[in-house]
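Work through the two exercises below with the model open beside you, and try each task before reading its solution.

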Amino acid sequence: MKRVRVVVVGAGVVGLSTAVCIAETLPYCSVTIIAEKFSPDTTSDGAAGILFASEFHDIPREWQQRWFKETFDHLLAIADSSQASDAGVFLSSGYQIFKDVPWDKKPFWSDFVLGFRNMTDRELKRFPEHKFGQAFTTIKCECSSYLPWLGKRFIEAGGQIHHEKVTDLQKLAQMYDVIINCSGLGSRFLVKDEEVYPIRGQVLKVNASWLKNFIRDGDGMTYIYPGISHVTIGGTRQVDDWRLEVDTADTEGIMERCSQLEPSLIKAQVIGAWVGLRPGRANLRLELEYLNVQGRHVPLVHNYGHGGWGVTLSWGTALDALGLVRQSLFEKPPSAKL
Ligand code: FAD
């Protein structure tokens, strides 16, 4: 008998991962996803989906390492299984290169990707403007396949789906016992969190099937990520920019910078351009609070603000959100906060 009604707001990679974790782990919960947009229309759908991250400054390093490792191991198991092509998850090897030697030569995730090492002088010769580089094998998780695959897994676990924009969490709290907020940038409006802001990203999809290895400039502005049906090249990181239209100047800039790193791209046919708004936040929010609704304290778990690393941290943060749901079901609520 499913006696606890759980609702997850959001169907990007964070919401779907969280909903699957809860539906598969807590048999006494009936789980519903409510979202305004589903795949293929979420921000997650257009992400390059490479597992890689920069550090959030005020979140303990061990937490971020756990989130990265849990996501990496979860996706590695998929990449190593017969589900890999359906889920769009596979290993990807390549380089991160730097014009100046970075202060931190060993990023927090370096022990969790495969074969992390500094590049040799011979490898670096391909990039005459760069002084230092790291070679490693990570995972590419193509959300245009992975989200539908997760959605199927959610339905198989008994989950339900509603297409709707949520405007009032108090109203939702009258129908559900636990609410989980995975609305990404939408949290700016849904929970009036002004700390969440857009970081606009534009990428191009090109036909360049001869490219097999990724290249990322350490400044995060130029990258080439070979995928299943095309190569994603980018990018931009425009803070507080809400424009969803493709910008021609950005397209030209991306082409120019990427061709400098990989001259063969000059011959690549551009098959599309895409813009997405990363849910920026100084620190992602993974937190439990309570809504006071007609004398009931309804748990509200937040899981949003993953910035440019939502795919990378999705499973790890979903497991922590699951932990907060469990905690809320067994603890006595403190005095209501809202
Ligand atoms: P979203 O995917 O935006 O999903 C939010 C969900 O909430 C949607 O379903 C939306 O409809 C719903 N929602 C919002 N408000 C409401 C409401 N009021 N009512 C109902 N539903 C609501 N990350 C990586 O890890 N690796 C990469 O290589 C990578 N590359 C990227 C490249 C680009 C160009 C961009 C733009 C992003 C990239 N990212 C990457 C970042 C990644 O895309 C995000 O971190 C991730 O998509 C965030 O997922 P999310 O589920 O929180 O948000």
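Helices (H or I, at least four residues) and strands (E, at least two) are DSSP runs, numbered from the N terminus. The model is predicted, so local features need pLDDT of at least 70 and side-chain atom pairs count only at pLDDT 80 or more, while totals for chains, interfaces and linings use all residues. Residues are numbered from 1 along each chain as its sequence is written, and side-chain values use heavy atoms, with hydrogens and water left out.

**Exercise 1.** Locate glutamate 262, decide whether this residue is buried or exposed, and list its contacts beyond its sequence neighbours.

Solution. Finally, setting aside neighbours within four places in sequence, glutamate 262 has contacts (heavy atoms within 4.5 Å) with Arg126, Leu211, Ile215 and Ile224.

**Exercise 2.** Describe the chain as a whole, from its secondary structure to its burial and contacts.

Solution. Count the elements to begin with: the chain has 10 helices and 15 strands. The C-alpha atoms fill a box of roughly 65 × 40 × 40 Å along the principal axes. Turning to burial, 56% of the 338 residues are buried.

Terms used: Buried < 20%, exposed > 50% of the residue type's maximum accessible area, 1.4 Å probe, protein only.
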